[in-house]
Amino acid sequence: MSEEKAYALEIENLKVEYHVDKEVVHALNGISFKLAKGETIGLVGETGAGKTTTGLSVLRLIPSPPGVVSGTIKVQGEDIGTLSEKQMESIRGNVVSMIFQDPMTSLNPTKTVENQIAEVIRLHEKCGKKESVEKARTMLEMVGIPGDRGVEFPHQFSGGMKQRVVIAMALACSPEILIADEPTTALDVTIQAQVLDMIRDLKKQYNMSMIMITHDLGIVAEICDTVAIVYAGQIVEYGTLEDIFNSTAHPYTVGLFGSLPNMDDRTQRLKPIPGLMPDPTKLPQGCTFCPRCPHATEKCRTERPTLVNIGGEHQVACHLFKEG
Amino acid sequence: MSDVLLDVKNVKKYFKTPKGILHAVDDVTFSINRGETLGVVGESGCGKSTTGRVVLRLLEPTEGSIILDGENISKLSEAKLRSKRKEMQMIFQDPLASLDPRKTVGQIIEEPLRIHNIISSSKDRQKRVLELMETVGLAQRYYSTYPHELDGGRRQRIGIARALSVNPKFIVCDEPVSALDVSIQAQILNLLEDLQKQMGLTYMFITHDLSVVHHFSDNIAVMYLGKIIELAPSDELFAAPTHPYTQALLSAIPVPKLENRRERIILKGEITSPINLPKACRFASRCIYATEQCLHGEPELKEVAPGHKVACYRAESTDKT
Ligand SMILES: Nc1ncnc2c1ncn2[C@@H]1O[C@H](COP(=O)(O)OP(=O)(O)OP(=O)(O)O)[C@@H](O)[C@H]1O
Ligand SMILES: Nc1ncnc2c1ncn2[C@@H]1O[C@H](COP(=O)(O)OP(=O)(O)O)[C@@H](O)[C@H]1O
Ligand code: SF4
Ligand code: SF4
Ligand SMILES: [Mg+2]
Ligand SMILES: [Mg+2]
């Protein structure tokens, strides 16, 4: 790369442990990635891989105790570890917003939809009640909900509409970075298509950077520029869409694709990954994928592989691959 | 020769609600051949689970007949139904919610054997439970553990072993893999496929995951607001979706490939309420092809090609040559 890219987010060796009942959950074991301005990275992995923990870390919202965090996170070049709680407040919402998986965790059932959005706007901008409600209605229209329905309460909305309200709230202060944690998992595919379309349009309109957390490789193919495959708290493969989909390298990523039905041949048998992700309190000493990997050798059992560059931006953490 | 195991005719299930009568299942007709799978898809609330529960008579149908292996079960008395229940079982999406948390894995799988008095000696029952655990790929060491101590995939295996314990002919699988990670999902789907082959099982497979339903089903029924609006062999449905709703649904699947991306049909408009339904096509409020005719009558499910049925005026009139 000749030119320096402008990064919205730089994460360096992020580790998160949760200390519970004399056990240590190793949720993140040294995650590093950079997100260029206006780009979208997909974080893909199974339940418990550490995707949400990564998102919460960027907002400095890991509960402590039990959480213990180390590593550096820079938001627009600024190390958030050095910021006061007050400065962090202004980052949340103004610079970084997060959409949570379950819309109801972010919505208050006792307040009208427009008042909730207006409150968020007033928290981050100097404006009066009336003006903020007007802005809230504009936001609703933008996510495809008629502004006059803002006077309704969340329970009067369908799941897809609620999720769009949450997105409107997350976008209310036009953040630089949007973290979307499985924003469409709870939705029907037709509604999911609407929401993804909308996110894509808004992203373009505001030149937002985005972390898309998902377990759906189909969504990744549609929305992301780069992809990080997360396994047991570690990025095991990183690359552009082409790298990940057309030059799949890590045995875990290969296994993920093999687990999906072949749409061109329905009779083709699925090739699941045997076994389960390891217990994060008892991670294997060597490669964390070793117990499920068809290529595992003695070295894999004793030595944990780190990410190496295998061409362009494509990185893999696996002893089968050499730098170059 | 087709050998029909389940024949469902004009089944309706209405619920009384404070706002009026809710048409959860509104006149569905379909059949499933022995050893085959019918996939049922459609958006949340369209009546998939209700159809499954009515077919098993876990809910009383408001109208219609359900014939399982030649016997009309829609009219059976409670006592007769009880013995018929051995032939039809259900597997649920969230095994944890459907499994008694105070019972061990062994006790859960054993229960139907006891209730239906299939094996009377407790020693033989234990032997059978261990056999079943092996069949579904659960290690014997879990015999005395509790379901909440296990992961989602193993819990689903318990649900499957329990359903198999009574040697059923027919199983309704209601979103059996929706709560599982893809790698585990593939393990369970392969297991269900193997069991079907070994035991000649017939499945009704309810899901909202379209790539899974395509892989898993011989035929697929697409439901919309309580009605089957398209019914076709799996490959035919994906190659030639004909109802405008099916077309939108299939176009919305996020495909995990970079090539051959499809043009998306984004649906607009409000979903019609299942209460106080107008006498019109239920999809008209969101259909880009809706005409006057669609607002004044309800299209019926009609055959447009061999084995391929569609409920849409436009499909009836389009000459498919
Ligand atoms: N006991 C009940 N009383 C009243 N209405 C009900 C009852 N059970 C289901 N319904 C309604 O019947 C309709 C069909 O529900 P059903 O659970 O069959 O949908 P589904 O297709 O399985 O949806 P999902 O994909 O969300 O599981 C919905 O409108 C639902 O609200
Ligand atoms: N507050 C917490 N206390 C203890 N353990 C936690 C907490 N939050 C997450 N974990 C654990 O950290 C790991 C990663 O979790 P998470 O980031 O939520 O994964 P994902 O979002 O990829 O499903 C899991 O093992 C999870 O159980
Ligand atoms: S390092 Fe070894 S065990 Fe790990 S993924 Fe590579 S080959 Fe498999
Ligand atoms: S009958 Fe009319 S409104 Fe209904 S799906 Fe067909 S074209 Fe659309
Ligand atoms: Mg999560
Ligand atoms: Mg259901």
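## Strand 7 of chain B

Strand 7 of chain B runs parallel to strand 8 (residues 202-206) of chain B, and 5 bridges join them; strands pair if DSSP finds at least two bridges between them. Within this pairing, V172(B) stands opposite M204(B) in strand 8 of chain B. From strand 7 of chain B the chain passes through helix 7 (residues 182-199) of chain B to strand 8 of chain B, a right-handed β-α-β crossover. Right-handed means that, with the strands pointing away from the viewer, the path from the first strand over the helix to the second runs clockwise. Helices (H or I, at least four residues) and strands (E, at least two) are DSSP runs, numbered from the N terminus.

Strand 7 of chain B also pairs with strand 6 (residues 88-91) of chain B, in the parallel sense and over 4 bridges. Here I171(B) is the bridge partner of Q89(B). Of the 5 residues in strand 7 (residues 170-174) of chain B, 5 are buried (under 20% relative accessible area, with a 1.4 Å probe and protein chains only). F170(B), V172(B) and D174(B) cover one side, and I171(B) and C173(B) the other.

## Basis of the model

This is a predicted model, in which local features need pLDDT of at least 70 and side-chain atom pairs count only at pLDDT 80 or more, while totals for chains, interfaces and linings use all residues. Residues are numbered from 1 along each chain as its sequence is written, chains are lettered from A and ligands numbered from 1 in the order in which they are written, and side-chain values use heavy atoms, with hydrogens and water left out.

## Nonpolar cores

A nonpolar core is a set of buried Ala, Val, Leu, Ile, Met, Phe, Trp, Tyr and Cys residues joined through side-chain atoms within 4.5 Å. The largest has 99 residues, and L9(A), F33(A) and I211(A) are among those with the most contacts inside it. Helix 5 (residues 159-171) of chain A gives the most to this core, with 8 residues. Apart from it lies another core of 36 residues, including L99(B) and I184(B).

## L237(B) in helix 9

L237(B) is found in helix 9 (residues 234-239) of chain B. Why does L237(B) count as buried? The reason is that L237(B) has 1% relative accessibility. Leaving aside neighbours within four places in sequence, L237(B) is in contact (heavy atoms within 4.5 Å) with residues including I220(B), V222(B) and L250(B).

How values were computed: Buried means under 20% relative accessible area, exposed over 50%, partly exposed in between (1.4 Å probe, protein chains only).
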